Amino acid sequence: MDISIYLARVFGIYLVVACVALFANRKYVSKVVEDFSNNLGLVFFSGFVHLFLGLLVVVAHNVWALDFRGLVTLIGWFGVFKGALRLFSPRKVVRLGEEFTSGKKLIVWGVVWLALGLYLICAGFFS
């Protein structure tokens, strides 16, 4: 199996399940983000995880194309950036997380990521 298809399937399923869970538990998300934010060690550790997983994707799949393969690459680079940001500026990540869960930003980004996940599922399983 081509690595692009494999990663599209994995990211697609992950995004759809995560977004549906987010929508189903929306009233608890603020509490979860608050609890997570109160533990800077957890924020810092999650930076290592994001950085590592993002680097795995980028090193294995750095394909810049105007289709699902480019989206997979962007998700990998997003993980690298997110991990580095958590490592170098954990307090800024906490503020961004608190801002993210307030208002309609959570819903808007959830819909965007859900749509991208559905696109990746279609590309990964039906192309």
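Predicted model: local features only at pLDDT ≥ 70, side-chain atom pairs only at ≥ 80, totals over all residues.
Residues are numbered from 1 along each chain as its sequence is written, and side-chain values use heavy atoms, with hydrogens and water left out.

Staying with H61, this residue sits in the loop between α3 (40–60) and α4 (68–88), helices being DSSP runs of H or I of at least four residues and strands runs of E of at least two, numbered from the N terminus. Is H61 buried or exposed? H61 counts as buried because its relative accessibility is 1%, the cut-offs being under 20% relative accessible area for buried, over 50% for exposed and partly exposed in between, with a 1.4 Å probe and protein chains only. Apart from neighbours within four places in sequence, the residues in contact with H61 are I3, S4, L7, R69, V72 and T73, contact meaning heavy atoms within 4.5 Å.

Turning to helix α4, we find R86 there, and with a relative accessible area of 10% R86 is buried as well. Its contacts, again leaving aside neighbours within four places in sequence, include F36, F44, H50 and V93.

Helix α6, residues 105–126, holds V111, which is partly exposed because its relative accessibility is 45%. V111 and V20 are separated by 91 residues in sequence, yet their C-alpha atoms lie 9.5 Å apart in space.

As for the whole protein, there are six helices and zero strands. Of the contacts with a separation of 6 or more, 77% are between residues 24 or more positions apart, and 34% of the 127 residues are buried. Why speak of agreement with a compact globule? Because a compact globule of 127 residues would have a radius of gyration near 14 Å, and the protein has 15 Å; the radius is taken over C-alpha atoms, and the globule rule is 2.2 Å times the number of residues to the power 0.38. Along the principal axes, the C-alpha atoms fill a box of roughly 40 × 30 × 20 Å.
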